[in-house]
Amino acid sequence: MSAGALWLASLTAFPAAGAPLLAHRAFRGYGLAARLALAAACGAVAVSWTMNVASLAGWPWRLPLVLLAALAECFALRFLLPRSPSGAEPSFDRGPVTFWERAAVAVTLAAITIAAAATLSTSATSPDLLLFWGPKAGAFAAARGLDAAYLGDPLLRYQHLSYPPLVPNVYAFATIAAGAGRLPWMAAAATFPLLLAATAAGLAGVLRNSFSRRDAWIATAAITAALGLLGEVFDVAGNADPTLLLFETLAAAILVGSAGTTRAGQLLAGMLFAGAVAAKVEGLPFVAAAGVLFLFARRRSISWRHAPVFLFGPALLSLGGWFAFGRVRGLFRAYETYGPTLEVYLERLGPVLSGIAKALGAGGAGLPWLLPIAALLFARRRSRAALYPAAIAFILSAFFVFTYLHGAPDPALWIDWSAGRIFSIVSVLLTLAVIAGRARAGAAEETPPRSPATER
Amino acid sequence: MRAALPRELAILLAGSVVLAGWSAVRLPPAAEIFRRPQTPYDRSGSGAADFRFLTEAASRIPRRTSVIVWSEPRDPTRETTLYISAVALLPGRRVLPAAQWNIPTPEWEAEAQYVLVFGPSPHPSPGESVAVFPGGSIFRRPSR
């Protein structure tokens, strides 16, 4: 077996690590494929967190121990969930699959296949894979830990030493497991279609838990096709964007639906938040916006004793381990910034907005964003439930514009290479707004989730 | 008979077909998709030649040595890119920059044990020739 094949095969350790949590009957309603995807996501969070803590303590990474610790963490999380009264499956949407549902599944599978073909033909490989994600992973694998000497090398400052470590950790884990002396680059690029498939599988299961099968599968098709095209156009294969989008998309899908009001849903969303903040810097504003708006929007239907802790606790632990490592080793205290926060160049607003429009236009003529906006505008049903994902989309967009108003004297190049990728989540959120808006006003809160864990 | 699809869902589903179709149209011909790529960047950006050159060089330069990468003719913009790629593709070696942020960094020139030259061999030679292969050459500096 080649090093690349072994590298990819070793990724099965992540669903295995997350399985103890997702095996809980509270998540039964999501279906097997979605639970596998969610287990992989939670497993990656637990493995990466364990790797951070081990490095903080000065212990070299030993994969069996890392995996066992991650398994134990995910098992321990089960005890935070209420005992389920029954494991019965819900009865709705059990009818035969309709033409439209079949069409949605076909489009989803086609989008994943096309993303795989784009990756295989090297049409979507990210330059950032070679720039910093890959070298960091290789250095961590060689050092069997977060390599403080490497991160602190002033010559390597361009590799953004404070960028969160989940993706380099995951790649390093697979590199060590494969016994490869260096990162198998094509295997790392292949994570793009794999993560897109995991996002689609997780999304279909999570949305079905709260919305009709038809709505869930059509939303899944729309989001998968959009992320597939954007990934191909903006060259994301091998970088951290598909990982971030997996965590963000699935967290938002849980919180948009009825599962968001349950302890199980909040804990799962919290684990996905932890993955988002550990995957990329943009994960932090997403978690802040999605978490705070959720608490506000569902303030009457959640337990204030559990919800904030379940939602933000894992993310705090996730970031805490990384920043503690940075502080103890004298590397960094926070994320590097693009200039002082309040030093905003408002005179650049026009060029920034036109630069963003141009960048988004390069992604399928802007259709990944325009289509859900059109669907929202022409929708027959628009309940207030659409406001939650739409508000996250608005806040994130404003934050990205605010960020571009900092730093570089001419942000045109910066916008050109990053806007299409960072605005991808806005397309996802707008599509979720369409589906959420189709629910009767308040229905998402009222409808019990398919899982039996309805205790709050 | 098929139940009509609500407008918003029809837009999303029809749109997803368009987006998937758009992705498909961007793909190279089928025969090229299944041809084993030489590098992960054969069709992305302009890094394929650098990738081939540095991968070939990696098999000829011992670990725990120091290396600097030049372009021929010398060009700090190219050398910045080559440095970044060399850090990724020459693990286990101390890679020193001939340029960073498109600005020459001559202070590192004398430190390197090996000089990789992307392009034709330079005159005068920066050291003893170790290998010449498509894309460039490797020179070893006399130990001081």
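Predicted model: local features only at pLDDT ≥ 70, side-chain atom pairs only at ≥ 80, totals over all residues.
1. A compact globule of 144 residues would come out near 15 Å, yet chain B has 23 Å. The spans of its C-alpha trace along the principal axes are about 85 × 30 × 30 Å.

2. What is chain B built from? It has 4 helices and 7 strands. Reading from the N terminus, the order is α-α-α-β-α-β-β-β-β-β-β, so if you are tracing it on screen, start with the helices, by the definition of numbering from the N terminus. Buried residues account for 40% of the 144 residues in chain B. Of the chain B contacts between residues at least 6 apart in sequence, 53% join residues at least 24 apart.

3. Now chain A, where the count is 21 helices and 0 strands. Its radius of gyration is 21 Å, close to the 23 Å from the globule rule for 456 residues, so chain A is as compact as a globular protein of that length. The box that its C-alpha atoms fill, along the principal axes, is roughly 60 × 50 × 45 Å.

4. How much of chain A is buried? Buried residues make up 60% of its 456 residues. As for contacts in chain A with a separation of 6 or more, 86% of them are between residues 24 or more positions apart.

5. On to the place where the chains meet. In chain A, 53 residues are in contact with 37 residues of chain B. On the chain A side, the elements giving two or more residues are helix H5 (99-120), helix H6 (127-143), helix H9 (185-189), helix H11 (213-233), helix H17 (367-378) and helix H20 (424-438). The largest share belongs to H5(A), with 11 residues. By class, the chain A side that touches chain B splits into 38 nonpolar, 9 polar and 6 charged residues.

6. Start with helix H3 (residues 32-57) and helix H8 (residues 166-177) of chain A, whose axes come within 9 Å and cross at roughly 90°. H3(A) and H8(A) are therefore roughly perpendicular to each other. From H3(A), the residues that meet H8(A) are Ala44(A), Val47(A), Ser48(A) and Met51(A). Their partners in H8(A) are Leu166(A), Asn169(A), Val170(A) and Phe173(A). That contact has 6 nonpolar residues, 2 polar and no charged.

7. How do helix H12 (residues 241-256) and helix H13 (residues 263-279) of chain A pack, and at what angle? Their axes are 8 Å apart, at an angle of about 155°. Angles over 145 degrees count as roughly antiparallel, which makes H12(A) roughly antiparallel to H13(A). The crossing of H12(A) past H13(A) is left-handed.

8. Sorted by class, the residues in the contact of H12(A) with H13(A) are 12 nonpolar, 3 polar and 1 charged.

Definitions and conventions: Residues numbered from 1 in each chain as written. Chains lettered and ligands numbered in written order. Contact = placed C-beta atoms within 7 Å. Nonpolar A, V, L, I, M, F, W, Y, C, P; charged D, E, K, R; others polar. Axes fitted to C-alpha atoms, helices over the stretch in contact; angles between N-to-C directions. Parallel < 35°, antiparallel > 145°, perpendicular 65-115°, else oblique. Left-handed = near helix turned anticlockwise from the far one by under 90°. Rg over C-alpha atoms; globule rule 2.2 N^0.38 Å. Buried ≥ 20, exposed ≤ 12 C-beta atoms within 10 Å, placed from the backbone.
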